Amino acid sequence: MYYIGISAYYHESSVFLTNNRGTNCFLKEESFSRIKGDKNFPHRCLKFLIKKFDLKNENIKSICFYEKPFKSWWEVFYYSIKNPLQNREFLIHHLKNFNKGSIFFYTDINKLINISRNKIVYSSHHLSHCLYGLSVIKNVSDYVYVTCDGVGEGETMTIYTIDNDYKIRKIWTNFYPNSIGLLYSTVTDYLGFEINEGEFKVMSLSSFGKPIYEEEFKKVFDINNFTINMDYFEFHKSPSKSFSNKLRKVFGEPYLNISEEANFNKYANIASSAQSILEYTMKNLIQKAMDLSGKKKIVLAGGVALNCKMVYSLSKQNIFEELIVPPSPGDSGSAIGAANFAFLEKSKTKILDFSSIFLGPKKNLINKKKDKDNFFSKINLTNDFIIDTVTKLINGEIIASYYGSNEVGPRSLGNTSIFCDAKNKGAVINLNLNLKKRGHFQPLAPILVEEDFEKYFSINKSVVKNLEWMGTLCDAKQELYNKYSSIIHVDGTCRTQIVKDKNSLTYKILKNLKENGSDILVNTSFNISKDPVVFDLYDVYVNMKRMNIKFVLMDDGLYQTKDI
Ligand SMILES: [Fe+2]
């Protein structure tokens with residue numbers, strides 16, 4: 001019997017299916033629709049699952065939606081009608097879109113599967129974040145669970161404790177519009193980046209600046225009481241504007257061209273100041289969680305937890321024993337939290353246990369064999385395709401990877417990546433600027449085997465677990481500057497990934513690389529700038545042609561694209 005969790009209608013719709021006996025399948029709607037961050041009801045994911053797993057009412061135990069639809073709709077409506085004239089534009093938009101949201105979840109799902117109503121359950125937004133988080137740790141009662149995101153069901157921050165019998169207690173909540181997540185997204189918009197996608201760029205940009213606007217930002221957001229000053233915002237008044245003229249007066253004109261040096265420096269200072277305010281706020285929130293719960297270990301989830309520079313900065317404060325951010329702390333990972341809710345509801349005392357970062361489908365479940373033959377031809381330089389791959393990497397080749405099961409979070413962690421030798425400066429720059437079309441201020445991430453980590457990097461042990469899925473930054477040691485300076489960010493940090501699984505192809509490549517004079521690869525996601533990560537072999541082919549990548553490593557060998 002399958003449990004299914006669904007996250008949809010707001011950002012990055014996703015579905016997770018499990019039978020809790022080894023069959024798991026995490027999917028994002030964007031993989032099929034090719035619309036980055038697709039928020040529509042994930043009917044393409046569900047059609048895929050129905051076909052592959054022969055889903056029907058009889059073999060589905062429960063389907064859980066990640067939040068409570070009416071509560072979610074009502075909370076925004078309720079806030080808007082407090083000041084209907086001022087919020088008129090937003091209110092009309094909200095009412096007009098009543099039938100496009102999650103309220104019609106049951107209707108939408110019934111168009112695809114004729115499922116009994118009693119098999120549909122609803123979690124709540126922050127609880128879904130929390131329940132995914134608790135899947136990646138042992139001894140659940142040792143931790144306090146902190147969630148922080150833009151807004152979900154009218155809540156922006158929550159603190160939970162969970163006992164060993166999985167009794168969950170929400171011990172503190174903060175409410176909309178008091179949201180540090182929405183402040184950061186507003187700064188993202190102000191700087192000219194896309195909300196829900198560009199927050200990573202603000203984080204990278206912040207390392208180039210100084211937090212000279214900290215005092216101004218402290219008037220916008222109270223870091224001790226977690227309250228926001230709405231005079232600086234418009235997101236509550238209009239569906240298309242995030243900041244007000246007051247914010248424009250304080251920080252100057254928005255959307256400047258940052259390829260000009262003066263603009264770049266100014267925006268880097270604004271990004272740095274916003275990052276500082278986020279870090280102060282999160283430090284205070286975590287301190288509050290520890291004070292209220294008496295616990296020193298934290299699981300942090302919600303969209304804000306994707307800010308790995310914040311995780312790194314928090315680790316420097318030495319205020320907690322351990323902090324774990326699950327691999328997919330944003331809304332798409334909440335599909336797994338929702339499945340956990342469904343499972344816990346039935347079992348009462350057991351949860352799903354998922355520490356794997358590869359919960360997506362295996363590549364052979366996605367593709368037909370003939371697709372490989374249509375688009376690619378196998379290369380046999382020697383009898384060992386790992387040696388072939390490493391030889392090409394050492395010679396400066398950029399190589400794509402497409403093997404194993406898909407990653408669960410927003411970052412490619414080896415199975416759907418693009419690699420180059422981190423020692424080769426030319427290849428690193430070519431990959432970042434020309435192939436991936438990233439900003440020069442966005443660094444590429446290194447990947448290496450776990451046992452070599454301490455030779456090149458240092459990190460506070462309290463956040464070390466997050467290195468397995470690039471959930472934190474770490475510091476570069478002198479040895480890294482000596483050998484791999486092109487992958488170090490301007491502030492001396494790296495978003496490093498360590499590989500522990502000795503049976504994985506990524507581990508074998510890295511081990512072989514070491515025997516040939518290099519031990520770190522650059523690892524970036526297999527997509528172009530604004531596109532979703534590749535999903536099927538057609539995407540692989542098209543992306544390789546667009547980026548002019550010749551070689552792709554698959555489960556059974558090294559392939560090159562055919563000319564068709
Ligand atoms: Fe969320």
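Lysine 246 has a relative accessible area of 37% and is therefore partly exposed, where buried means under 20%, exposed over 50% and partly exposed in between (1.4 Å probe, protein chains only). This is a predicted model, in which local features need pLDDT of at least 70 and side-chain atom pairs count only at pLDDT 80 or more, while totals for chains, interfaces and linings use all residues. Residues are numbered from 1 along each chain as its sequence is written, and side-chain values use heavy atoms, with hydrogens and water left out.

Lysine 246 forms a salt bridge with aspartate 231 at 3.9 Å, N to O; the term stands for a side-chain nitrogen of Lys or Arg within 4 Å of a carboxyl oxygen of Asp or Glu. Aspartate 231 sits in the loop between strand S10 (227-228) and helix H10 (245-251), and lysine 246 in helix H10, 15 residues apart. Helices (H or I, at least four residues) and strands (E, at least two) are DSSP runs, numbered from the N terminus. Aspartate 231 is partly exposed at 47% relative accessible area.

The count of salt bridges is 28. In another one, the closest N and O atoms of lysine 316 and aspartate 475 are 2.5 Å apart. Lysine 316 belongs to helix H12 (residues 308-316) and aspartate 475 to strand S18 (residues 474-476), so this pair ties together parts 159 residues apart in sequence. Aspartate 475 is buried, with a relative accessible area of 17%, whereas lysine 316 is partly exposed at 46%.

The iron ion has as protein donors His125 (NE2), His129 (NE2), Asp149 (OD) and Asp331 (OD), at 1.9 to 2.3 Å. Donors are N, O and S atoms within 2.8 Å of the metal (3.2 Å for Na, K and Ca); water is not among the atoms, so sites may look incomplete. The angles among the four donor atoms run from 91 to 164°, and the site is irregular. Four donors count as tetrahedral if all angles lie between 85 and 135 degrees; four count as square planar and six as octahedral if opposite donors are over 155 degrees apart and all others between 65 and 115; anything else is irregular. Histidine 125 lies in helix H6 (residues 125-133) and aspartate 331 in the loop between strand S12 (322-324) and helix H13 (334-347), so the pair joins parts 206 residues apart in sequence. Both histidine 125 and aspartate 331 are buried.

The protein chain as a whole contains 21 helices and 23 strands. Its C-alpha trace spans about 70 × 60 × 45 Å along the principal axes, and buried residues make up 61% of its 564 residues.
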